[in-house]
Amino acid sequence: MGKNKNLSLRSRGKRGYNRQHTPRRLREHAEQEENEGSSTAPRIDVPVAMWDFGHCDPRRCSGKKLARLGLIRELKIGTRFRGVVVSPKAVTVVSPDDRDIVARDGLAVVECSWARIDDVPFSKIASPNERLLPYLLAANPTNYGRPWRLNCVEALAAAFYLTGFDAHANTLMAEFGWGEAFWNINRPYLERYRTCQSSEEVVTMQDNIISELEQARRDKKMATESTDDFLTSNPNHAGWEVQTEGEEEEEEEEADTGEVK
């Protein structure tokens, strides 16, 4: 009985379980799964990079999240990047005219804290194509509604959108629950910037937008002050104020005490 069982197992090992071909089938299956996954996973076909200075909480850092998703690669300090680099120390504003540079060499950003911006050795991350972002509002939970205070993914998405890579911009922001809010509050500005061609035109458009916002703020303030005028007494009619019985009694009591008010 035992002998027949052993023979049965040996026979099964030779005929039912082919060790030589199994690894190849497993590899083919893994490659198939990888290819199927790559068709649905987000992909950006230009280089996307960052210099990470470790200022932010890893759990809340948008750059580190992009790295975990395989949407960005980290550069060592001192490594040069020939594409467009979004940097607060740049002097030229990003514009649609930068599209060819992004298409050829990609887009990078400096991942650091706004509170520690002075600690960043920008001289070690110099690029021939450093760019500023025009006036935009942050939508990230840390700086929501604050102008200029965009985080890593917002800066990348804005630069991609301004240079005509809408799909790449949407791919990045789609990974964040508040991503849609960024488009909602900034789309009016972004669309106006995209009508420009050069950096100089974008700066002019930015100045117009800021002037309009300041004028709207002044108009709102004046309207509020005008409304408040209806809630205050007219000093020209001070002698016509109507007193209630309680106020009359209170004034009589005060007069009786002889207190000087």
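These questions look at aromatic rings in a predicted model.

Q: How many aromatic pairs does the structure hold?
A: Rings of Phe, Tyr and Trp pair if their centres lie within 6.5 Å. By that rule, the number of aromatic pairs in the structure is seven.

Q: How many residues apart are W51 and F81?
A: W51 sits in strand 1 (residues 48-52). F81 sits in the loop between strand 2 (73-74) and strand 3 (84-86). The pair links distant parts of the chain, with a separation of 30 residues.

Q: Are W51 and F81 buried or exposed?
A: Buried means under 20% relative accessible area. Both W51 and F81 are buried.

Q: Why is the pair of Y161 and W183 called tilted?
A: The ring centres of Y161 and W183 lie 5.4 Å apart. Planes under 30 degrees apart count as stacked and over 60 as edge-to-face, with the rest tilted. The planes of Y161 and W183 are at 45 degrees, so the pair is tilted.

Q: Which helix holds W183?
A: Y161, its partner, is in helix 5 (residues 152-162).

Q: Which residue has its charged end over the ring of Y161?
A: Y161 is buried, at 6% relative accessibility. A charged end sits 4.1 Å from the centre of the Y161 ring, and it belongs to R194.

Note on methods: Residues are numbered from 1 along each chain as its sequence is written. This is a predicted model: local features need pLDDT of at least 70, side-chain atom pairs count only at pLDDT 80 or more; totals for chains, interfaces and linings use all residues. Side-chain values use heavy atoms; hydrogens and water are left out. Rings of Phe, Tyr and Trp (its six-membered ring) pair if their centres lie within 6.5 Å; planes under 30 degrees apart count as stacked, over 60 as edge-to-face and the rest as tilted. Helices (H or I, at least four residues) and strands (E, at least two) are DSSP runs, numbered from the N terminus. Buried means under 20% relative accessible area, exposed over 50%, partly exposed in between (1.4 Å probe, protein chains only). A charge sits over a ring if NZ of Lys or CZ of Arg is within 6 Å of the ring centre and within 35 degrees of the ring normal.
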